[in-house]
Amino acid sequence: MRLAVCGGSTGEREQICSWITQYCQTCGCPVELCPIQTPQQLRQDMRSFYAAFIGFGDSAGFLAARELRDRDRQCRIVLIDDTSRYAIRGHRIHATYFIVRPLEAWHIVHSMELILGRRA
């Protein structure tokens, strides 16, 4: 499964990728991680993603998620932000989950379970 890990700092993207890799190794599910630094890179990347963790922040993150949703109705989107102000908007674009920073490993585990349909 191809997952996009978008935005945040380099350290945050690396940490998310590490947690996802550990989760997938434990569950035995193959994963291809695609770190993406900017909304423009996500916009230009025309590959389809099984899921995308989008943490560009503020309106940039929400707009990137909305554009991805318009392009790919099947992609599972996890929004990551510093505040909860975009949570309702995330619900409107059918985001799978919304994470308020600071990130912790359990956020990623919970997100992955939702993405894979292992948790209601």
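## Strands β4 and β5

Let's start at one end of the sheet in this predicted model: β4 and β5 run parallel and are joined by 4 bridges. Within this pairing, D81 sits opposite V100 of β5. To get from β4 to β5, the chain passes through helix α4 (residues 87-92), and this β-α-β crossover is right-handed.

## The whole sheet

Stepping back, the sheet is open and has 5 strands, arranged in the order β2-β1-β3-β4-β5 with parallel pairing. Its edges are β2 (32-36) and β5 (97-100), each of which pairs on one side only. On average, neighbouring strands here are turned by 15° against each other, direction ignored.

## Around β3

Strand β3 (residues 51-55) pairs with β1 (residues 2-7) in the parallel sense, over 5 bridges.

Together with α3, the strands β3 and β4 make a right-handed β-α-β unit.

## Helices over the strands

Helix α3 (residues 58-71) lies across β3 and β4 (76-81), and runs at about 175° to β4. Helix α5 (residues 105-115) lies across β1, β3, β4 and β5, with an angle of about 175° to β5.

How enclosed is β4 by the rest of the structure? Of its 6 residues, 5 are buried, that is, under 20% relative accessible area, so β4 is largely enclosed.

Key: Residues are numbered from 1 along each chain as its sequence is written. This is a predicted model: local features need pLDDT of at least 70, side-chain atom pairs count only at pLDDT 80 or more; totals for chains, interfaces and linings use all residues. Side-chain values use heavy atoms; hydrogens and water are left out. Two strands pair if DSSP finds at least two bridges between them. Helices (H or I, at least four residues) and strands (E, at least two) are DSSP runs, numbered from the N terminus. Axes are lines fitted to C-alpha atoms, for helices over the stretch in contact, and angles run from 0 to 180 degrees between N-to-C directions. Contact means heavy atoms within 4.5 Å. Buried means under 20% relative accessible area, exposed over 50%, partly exposed in between (1.4 Å probe, protein chains only). A crossover is right-handed if, with the strands pointing away from the viewer, the path from the first strand over the helix to the second runs clockwise.
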